[in-house]
Amino acid sequence: MSDEAAPAMAGGQAAVVTGGVVLLIAGFIALGFLFGLTPLYAGFLLLWYWGSVDMVEGKALAPLLVGACGGTATAWLLQYGAVHGGLAGVAPVLGLIVAAIYCQLRGWLPLLINRPYMLYLTVMAAPLLQAGESFGHVMAAITLATLYFGSIVAAGRTIVARRTVAVA
């Protein structure tokens, strides 16, 4: 991962890529509505992370999915503990979060405890989101985004590879 900005695209290439991204997003929105999922922001957050941080690296998708679901589940535990146990219900979850921070710093359990875990924990723990959110739907949106965007990228890479071989 580099902090350098990606090189600028030519106007025509940028227009084609923008059109493709718009179609990709429209397809995801249509699928979300088809399955009755309203927290599509959780899927778009996954796409943003995968595209911006992981540079759409295929091997990064599984840890992204697992970390996103783990962070979301921890945020749900935080909400559940607060609603059903007050401070006594929140304290064990805060202990879990401290342990997760320690694990991340030590490099333990990297499939689960990773940057996506911390990102989703932070976002999904926001009181405004927790107030009326279905965490089951959030998990479904994350899973749908992983399957949808991952499949399209994999298919695109396969097509490009076949065309490259055919040209060579």
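Predicted model: local features only at pLDDT ≥ 70, side-chain atom pairs only at ≥ 80, totals over all residues.
How many residues in the lining of the largest pocket are nonpolar, how many polar and how many charged? The lining has 16 nonpolar residues, four polar ones and one charged one.

The chain contains six helices and zero strands. Read from the N terminus, the order of its elements is α-α-α-α-α-α. The C-alpha trace spans about 65 × 40 × 25 Å along its principal axes.

The largest pocket holds about 670 Å³ of space. Its lining is made up of 21 residues. Of these, Val-17, Val-21, Leu-24, Gly-51 and Val-56 lie nearest the centre of the pocket. Three helices, α1 (11–34), α2 and α6 (135–167), each supply at least two lining residues. The most comes from α1, which gives six residues to the lining.

The helices named in that lining also pack against one another, and the pairs can be taken in turn. Two packed helices are described by the angle between their axes and by the distance between those axes. For α1 and α6, the angle is about 140° and the axes are 11 Å apart. Angles over 145 degrees count as roughly antiparallel, and at its own angle α1 is therefore oblique to α6. The crossing of α1 and α6 is right-handed. On the α1 side, the contact is made by Leu-23, Leu-24, Gly-27, Phe-28, Leu-31 and Gly-32. These residues meet Ala-141, Leu-144, Ala-145, Tyr-148, Phe-149 and Ile-152 in α6. Sorted by class, the contact of α1 with α6 has ten nonpolar residues, two polar and no charged. Leu-24, which takes part in this contact, is also one of the residues nearest the centre of the largest pocket.

Helix α6 also packs against α2. Here the angle is about 40°, with the axes 7 Å apart. That angle makes α2 oblique to α6. The crossing of α2 and α6 is right-handed. From α2, the residues in contact are Tyr-41, Ala-42, Gly-43, Phe-44, Leu-46, Leu-47 and Trp-50. Their partners in α6 are Val-138, Ala-141, Ile-142, Ala-145, Thr-146, Phe-149, Gly-150 and Val-153. The contact of α2 with α6 has twelve nonpolar residues, three polar and no charged. Ala-141, Ala-145 and Phe-149 of α6 meet α2, and these three residues meet α1 as well.

Helix α2 (residues 41–52) has a further partner in helix α4 (residues 115–124). The axes of α2 and α4 lie 12 Å apart, at an angle of about 145°. The crossing of this pair is right-handed. Tyr-41, Ala-42, Leu-45, Leu-46, Trp-48 and Tyr-49 form the α2 side of the contact. Facing them in α4 are Arg-115, Pro-116, Leu-119, Tyr-120, Val-123 and Met-124. The contact of α2 with α4 divides into eleven nonpolar residues, no polar and one charged. Within α2, Tyr-41, Ala-42 and Leu-46 touch α4, and these residues also belong to the contact with α6.

Terms used. Residues numbered from 1 in each chain as written. Heavy atoms only, no water. Axes fitted to C-alpha atoms, helices over the stretch in contact; angles between N-to-C directions. Helix = DSSP H or I, 4+ residues; strand = E, 2+ residues; numbered from the N terminus. Left-handed = near helix turned anticlockwise from the far one by under 90°. Contact = heavy atoms within 4.5 Å. Nonpolar A, V, L, I, M, F, W, Y, C, P; charged D, E, K, R; others polar. 1 Å grid on protein atoms, 1.4 Å probe; cavity = no way out; pocket = protein on both sides within 12 Å on 5 of 7 lines; lining within 4 Å. Points joined across faces, edges and corners; volume = space filled by probe spheres on them. Parallel < 35°, antiparallel > 145°, perpendicular 65-115°, else oblique.
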